[in-house]
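Here are my notes on this model, point by point. Please read them with the structure open.

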Amino acid sequence: MDRKVTLRELLIARIVLAICIAVYYWCWARNGWESYFSSIQTTIAIFAFLFFCFLGVRERKYKKEVVDEMAAANLKRCDSVCYKITKVLIVCIGFLSAILRFDISSEVIGYLLMGVLVLTSIIRTILFCYLDAKGA
């Protein structure tokens with residue numbers, strides 16, 4: 001019997017995808033190039049694609065199940081908080097880039113943006129788990 005899909009599982013899967021994107025960016029943004037980078041890049045791309053397909057199957061199954069309305073409401077709250085956090089971080093990166101335009105490279109800006117992506121995914125999951133456990 002297939003187990004029920006939870007929002008927590010789907011959010012953790014999004015962290016994995018965010019990390020895959022960040023690692024893939026790292027492969028492209030490196031100043032030096034080693035022969036094994038293409039192997040890492042290919043492995044990450046294949047893993048991310050297969051994981052994305054797996055996630056799509058799990059999400060389709062989740063949508064067919066009975067919706068936990070409290071969990072859905074908690075997720076909306078988390079999304080709202082994370083939107084505000086992301087907005088502040090991107091504005092800070094933008095102003096930092098403008099102020100340090102001669103000292104900060106586009107590569108570093110990209111790393112900062114990838115960091116925001118991963119950080120937001122992690123914060124969203126932790127906040128959701130906290131609210132869900134609390135029963136808020």
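1. Buried here means under 20% relative accessible area. Phe51 has 16%, so Phe51 is buried. The model is a predicted one.

2. Phe51 pairs with Phe47, and the two rings are stacked. Their centres are 5.6 Å apart, with 25° between the planes. Both residues sit in helix H2, four residues apart, which means a separation of about one helical turn. Phe47 is partly exposed, at 39% relative accessibility.

3. The count of aromatic pairs is six. Among them, Tyr36 and Phe37 are edge-to-face, because their planes stand at 80°, over the 60 degrees required. The ring centres lie 4.9 Å apart.

4. Now the core. The largest nonpolar core has 14 residues. Leu7, Leu10, Leu55, Tyr62, Leu75 and Phe128 touch the most other members. Helices H1 (7-29), H2 (35-64), H3 (69-99) and H4 (106-134) each supply at least two of its residues. H1 gives the most, with five.

5. What does Leu75 contact, leaving aside neighbours within four places in sequence? The partners are Leu7, Leu11, Arg124 and Phe128.

6. On helix packing, the axes of H1 and H4 are 10 Å apart, at an angle of about 170°. H1 is therefore roughly antiparallel to H4. Residues of this contact divide into 18 nonpolar, four polar and five charged.

Notes: Residues numbered from 1 in each chain as written. Predicted model: local features only at pLDDT ≥ 70, side-chain atom pairs only at ≥ 80, totals over all residues. Heavy atoms only, no water. Core = buried A, V, L, I, M, F, W, Y, C linked by side-chain atoms within 4.5 Å. Buried < 20%, exposed > 50% of the residue type's maximum accessible area, 1.4 Å probe, protein only. Contact = heavy atoms within 4.5 Å. Axes fitted to C-alpha atoms, helices over the stretch in contact; angles between N-to-C directions. Parallel < 35°, antiparallel > 145°, perpendicular 65-115°, else oblique. Nonpolar A, V, L, I, M, F, W, Y, C, P; charged D, E, K, R; others polar. Phe/Tyr/Trp six-rings, centres within 6.5 Å; stacked < 30°, edge-to-face > 60°.
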